[in-house]
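Work through the exercises below with the model open. Try each task before reading its solution.

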Amino acid sequence: MSARLHEFKDGAALAEGLADRVSAALADAVAARGKATIAVSGGSTPKAFFKSLSTRDIDWAKVTITLVDERFVPADNPRSNHLLVAENLLQGKAQAAHFLPLYRQADSADEAARIVSRDAEALGAPFDVVILGMGTDGHTASFFPGGSNLATAISAETSRGVITMEAEGAGETRLTFTFASLQDARLLVLHIEGQGKKDVLAAAEGDGPETDMPIRAVLRRAATPVDIYWAP
Ligand SMILES: O=C1O[C@H](COP(=O)(O)O)[C@@H](O)[C@H](O)[C@H]1O
C-alpha cells in the first residue's frame, strides 16, 4: 500500500488545495495530449471543491468531465450526481467543458450501462484524473458492500466500462465505472472529510476482505498510488 495523505486545516483549505492539484493535472494533460479527462464523485463532500475548480483558468473546452458513479435517475432528480456537477462544477470558466453523463433514458439500467460504456471508450484510457469519495460503510464509487455486482465491479478480470449495482443503503439502482476504469488514472485521489471517515479509512487499511470494505480494492490494488485529500 503506498497511499499518500495530504492533510488540510479545514474543508475550505481542502477544497482549494485539491482544486490546485487537479487543475494543474488537467492543464498538464491538455499540454501533453491536447485534451484531458476527469471522472468525479457525487455525495456531499465535493461541492466546495467543484466550486473552486470551476473558477480555475484552464482550457476547459479541451476537458471532458464524467462521473465515477451515478444513480439511475434523470438529471433533474435532486439525487442526481449530474445535477450536482451541473450546479457546482459546470459553471463559470468550466462551462466550456464537455460532460459525459452516465444516466441514459433506456429500457433498463443495464441497457444504459451498455450505451455509456460504448460512449466512454471514445474518451480513451486511462482517465487523467479520478476523484473518488468514500462512504462510512467503506464503499467507493458504487462498489457497495453486499452490492449485486460487487465481485464483478472490483475484479481485476473485468474490463473497463460502466456496470449497474443494487445494494441496500444505495437507494436507487446505480451506474458505476468498474475498478479497471478507475484504478490507473494518472492522478487518483480519495477525497474525504471528517474524523469519522479517517477512522473508516484506518479500518479499511487493516486486514479483512475487500467485499466488506470495497475501498480496500483501490487501496490495495490500484496501479496508481492513491493521493488521499483530507480535512477534519
Ligand atoms: O453514494 C455515494 O457516496 C459517496 C460518498 O458520499 P458523501 O456524501 O459521504 O461524500 C460518493 O463518493 C459516491 O459518488 C456517491 O454515489
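**Exercise 1.** In which helix is the place of Lys51?

Solution. Lys51 sits in helix H2, residues 47-54. Helices are DSSP runs of H or I with at least four residues, strands are E runs of at least two, and both are numbered from the N terminus. The model is predicted: local features need pLDDT of at least 70, side-chain atom pairs count only at pLDDT 80 or more, and totals for chains, interfaces and linings use all residues. Residues are numbered from 1 along each chain as its sequence is written.

**Exercise 2.** Is Lys51 buried, exposed or partly exposed?

Solution. Count the other C-beta atoms, placed from the backbone, within 10 Å: 20 or more means buried, 12 or fewer exposed, in between partly exposed. Lys51 has 17, so Lys51 is partly exposed.

**Exercise 3.** Find the buried residues of H4 and what they pack against.

Solution. Start with the list: Ala109, Ala112, Ala113, Val116 and Ala120. Viewed down the axis of H4, these residues fall within an arc of 100° (taken from the directions from helix axis to C-beta atoms), so they line one face. The face turned away carries exposed Arg118 and Glu121. Next, apply the contact cut-off: C-beta atoms, placed from the backbone, within 7 Å. The buried residues pack against strands E3 (63-67), E5 (98-100), E7 (162-165) and E8 (174-177).

**Exercise 4.** Give the strand order of the open sheet with three strands.

Solution. The order is E4-E8-E7, with antiparallel pairing; a pair needs at least two DSSP bridges. The edge strands are E4 (69-71) and E7.

Definitions and conventions
Contact = placed C-beta atoms within 7 Å.
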